[in-house]
Amino acid sequence: MLVRLLYASRAVGDIGADLIDEILNRSQAHNPEHGITGVLCVYESGDVFMQVLEGGREQVNRLYNNLLRDPRHRDVTLLDYAEIDERRFAGWRMGRVDLGRINMSTVLKYSERPRLDPFAISGRVGLALLEELISTAAIVSRNP
């Protein structure tokens, strides 16, 4: 059974290139063996993460429970969880979007302000934003 999980969180400290690289490198190293794919959205100036995970229910649930205990972030909030027929992010062990570098009109299309606040949008809206980012090639693949 495949599932898709979308969550948001706030960074405990500054979000910098080293932290992002650490998260992505760890994801790339561990996700393939567990059948997990997804995308990490980072909004450095807002200290916000939004991430979608896809894979088997047990594997995604286990990873999400580990993320809940990760001391690098707080306010971990489940935005959407659904059983799916197919993966939408199958091409990414873990893709990355730097929301500070995309056209803010794209964010404004889905948000009240030209600044992403995933805590103020629905999971459906968050997924729609990610779909648009895929179609505009804003997601950077880090797969080797």
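**A walk through a predicted chain**

The protein chain has 4 helices and 5 strands; both are DSSP runs, with helices (H or I) of at least four residues and strands (E) of at least two, numbered from the N terminus. Along the sequence they follow the pattern β-α-β-β-α-β-β-α-α. The model is predicted, so local features need pLDDT of at least 70 and side-chain atom pairs count only at pLDDT 80 or more, while totals for chains, interfaces and linings use all residues. Residues are numbered from 1 along each chain as its sequence is written, and side-chain values use heavy atoms, with hydrogens and water left out.

Confidence comes before detail. The predictor's confidence in each residue is its pLDDT, from 0 to 100. The protein chain averages 82, and 85% of the residues score at least 70. Strand 4 (residues 73-84) has the highest confidence, at a mean of 96, and strand 5 (residues 95-98) the lowest, at 64. Where pLDDT is low, the predicted coordinates should not be read in detail.

Of the 144 residues of the protein chain, 47% count as buried. Buried means under 20% relative accessible area, exposed over 50%, and partly exposed in between (1.4 Å probe, protein chains only).

Helix 1 covers residues 17-34. Its 18 residues reach 25 Å from the first C-alpha to the last, close to the expected 26 Å; the expected span is 1.5 Å times one less than the number of residues. Helix 1 has a kink of about 30 degrees at Q28, shortly before the proline P32. Such a bend is the angle between axes fitted to the seven residues ending at a position and the seven starting there. The buried residues in helix 1 include L19, I20, I23, L24 and S27. An α-helix has 3.6 residues a turn, so residues three or four places apart point the same way. Just after helix 1, G35 takes a positive phi of about 70 degrees.

The largest pocket holds about 510 Å³ of space. Of its 21 lining residues, R26, S27, L63, N66 and L67 are the closest to its centre. A pocket is found on a 1 Å grid over the protein atoms alone, as an open set of points where a 1.4 Å probe fits, with protein on both sides within 12 Å along at least five of seven lines; lining residues have an atom within 4 Å of a point. Helix 1 gives the most to this lining, with 6 residues, and strand 3 (48-56) and helix 2 (57-68) each supply at least two. The lining divides into 9 nonpolar, 8 polar and 4 charged residues.

R72 counts as partly exposed because its relative accessibility is 28%. The C-alpha atoms of R72 and L19 are 9.0 Å apart, although 53 residues separate them along the chain. In strand 4 lies D75, also partly exposed, at 38% relative accessibility. Most residues other than glycine have a negative phi. The phi of D75 is near 55 degrees, a positive value.

Between strand 5 and helix 3 (104-110), a loop contains I102, which is buried at 16% relative accessibility. The C-alpha of I102 lies 8.8 Å from that of L133, 31 residues away along the chain. L133 is one of the buried residues of helix 4. Helix 4 (residues 123-135) has 13 residues and reaches 19 Å, close to the 18 Å expected.

Note on methods. Grid points are joined across faces, edges and corners, and a volume is the space filled by probe spheres set on the points. Ala, Val, Leu, Ile, Met, Phe, Trp, Tyr, Cys and Pro count as nonpolar, Asp, Glu, Lys and Arg as charged, and the others, Gly among them, as polar.
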